[in-house]
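Please read the points below with the structure open beside them.

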Amino acid sequence: MCLAIPGQIVRLIPDSDLATADVSGVKRNINIGLVSQEGIAPGDWVLIHVGFAISKVDEQEARTSLEFLQSMGKAFTDEMTAISGDERGS
Amino acid sequence: MRFVDEFRDRKIARELGVQIARLARPDRAYRFMEVCGGHTHTIYKHGIEDYLPPNITLVHGPGCPVCVIPMGRVDDAIFIARQPGVILTCFGDMMRVPGGCGSFLDASAAGADIRMVYSPLDALKIAQRNPERRVVFFAIGFETTAPSTALTLLKAAQDGVDNFSVFCNHVTIVPAIKAILDSPDLRLDGFLGPGHVSAVIGCRPYQFIAEHFQRPVVVAGFEPLDILESVRLLLEQIEQGRCEVENQYTRVVPWEGNPKALAVIRETMELRPYFEWRGLGFISQSALKLREPFSRLDAERIFRLPGVRVADPKACQCGEVLKGVLKPWECKVFGTACTPETPIGTCMVSSEGACAAYYNYGRFHRESVAEAVR
Ligand code: SF4
């Protein structure tokens, strides 16, 4: 649960702190309220932890850390299952 | 492409290993604690210790929030889950954590409505969609996670969701490090500081370790090369007689942390006078609770919790593992009575726990060593 996974902002959702992000191919809405002072725009990369962007990162960092996370196996797949499973059933 | 990348990394790793071996004096031993469970995971998964000379030991610290939840808090949460109309929500890692009378998984099998969520916001959504139910979010985590709970609380207050509450079990990393430094049974020469916690709190809070306890701290990233580079930086400080907080993970961690995240934590939560950590006992000012203005969203005030303290099982040596006194495999029940499927202690539950990480990768790790020697 401590993992923070990089995702790329696809679009900002107007009048809210939300944005749609692409996390390793999965699209989901995340909250960008904690990084809004950094001026988030579509195309930016952020580290996402439990549905919240906690910091902005550059693309290079995002890609290497994504590759690294994928190499972690189960911890990563568990996190991805959790990410994609969000709004179902609730 | 991957193989090429991996090969390049391995070459750099070896180079770093050589530099580390040069810096380390052969006539002394070095013990560095990695505070964060994410680091522990990387260390076992990638066999980092193979790249280090034998007189450098990496000691695993208490930085896995699932591992430090005391049994009594699990029991309290199950008590809440059993109240009429309650839906208890939690992160997936919590489901198997043993309490004094079973885990969430057991309680759920016995009929309690316990649901896993990815985000506290998902828990809030469940509350909004089920106005007739009382939805409680079991909040755990260090400063990485606390801002998310804080923003969720602010949103719940703003939207007037009055069937939602938070059972707050957030802990703070710095007092735990201090408790470990104060404990007499451990000698440490330096710390690898946690990466994502530091993205929130920044590097300044570790300064007391360098100043007061005269131990160097390097805030480290999670990739194998980050860890090796951080070990090298620690050794360099020691060899040059310096004692500072250094930031190896500048790609993600700003020196000042994330001021917005700190502000929302401060707005919604305050320090508890003390909190029990599994295996470590009571540590003063080491956890957060909701502030008075949020008492209507505070499960601890809504429900009359039993709050019974439950002693850890006798066989369990998680406390020693969390303090870095014992290595996972030195615990008597490791891999026999205690496995990820039937954990006795919490360090075996989360993939970031030292015991689970060693259980999952230890054998792989030994094989890879054999391969490297061949
Ligand atoms: S093997 Fe089990 S009981 Fe022993 S320290 Fe690890 S988690 Fe705790």
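1. Helix 7 of chain B is largely enclosed by the rest of the structure, because seven of its ten residues are buried. The buried ones are B:Ile173, B:Val174, B:Pro175, B:Ala176, B:Ile177, B:Ile180 and B:Leu181. Keep in mind that this is a predicted model.

2. B:Lys178 also belongs to helix 7, which covers residues 173–182 of chain B. Leaving aside residues up to four places away in sequence, B:Lys178 touches B:Phe208 and B:Phe213. From B:Lys178 to B:Tyr358 there are 180 residues in sequence and 26 Å in space, taken C-alpha to C-alpha.

3. B:Ser148 is part of helix 6 of chain B, residues 146–159. B:Ser148 has a relative accessible area of 0%, so it is buried. What does B:Ser148 touch, not counting residues up to four places away in sequence? Its contacts are A:His49, A:Val50 and A:Phe52 in chain A, and B:Pro120 in chain B.

4. B:Val18 is in helix 1 of chain B, which runs over residues 2–23. With a relative accessible area of 41%, B:Val18 is partly exposed. B:Val18 and B:Arg232 are separated by 214 residues in sequence, while their C-alpha atoms are 9.9 Å apart in space.

5. Where does the ligand sit? The ligand is in the second largest cavity. Around the ligand are B:Cys316, B:Gln317, B:Cys318, B:Val321, B:Cys331, B:Val333, B:Phe334, B:Cys338, B:Gly345, B:Cys347, B:Met348 and B:Cys355. Sorted by class, this shell holds ten nonpolar residues, two polar residues and no charged residues.

6. Confidence should be read alongside the points above. Chain B has an average pLDDT of 88, and 94% of the residues score at least 70. Over residues 364–374 of chain B, however, pLDDT stays under 50. For that stretch the model has seven contacts beyond four places in sequence. The scores for the model are ipTM 0.86 and pTM 0.88.

Definitions and conventions
Residues numbered from 1 in each chain as written. Chains lettered and ligands numbered in written order. Predicted model: local features only at pLDDT ≥ 70, side-chain atom pairs only at ≥ 80, totals over all residues. Heavy atoms only, no water. Near = heavy atom within 4 Å. 1 Å grid on protein atoms, 1.4 Å probe; cavity = no way out; pocket = protein on both sides within 12 Å on 5 of 7 lines; lining within 4 Å. Sits in = over half its atoms within 2 Å of the grid points. Nonpolar A, V, L, I, M, F, W, Y, C, P; charged D, E, K, R; others polar. pLDDT = per-residue confidence, 0-100. Contact = heavy atoms within 4.5 Å. Helix = DSSP H or I, 4+ residues; strand = E, 2+ residues; numbered from the N terminus. Buried < 20%, exposed > 50% of the residue type's maximum accessible area, 1.4 Å probe, protein only.
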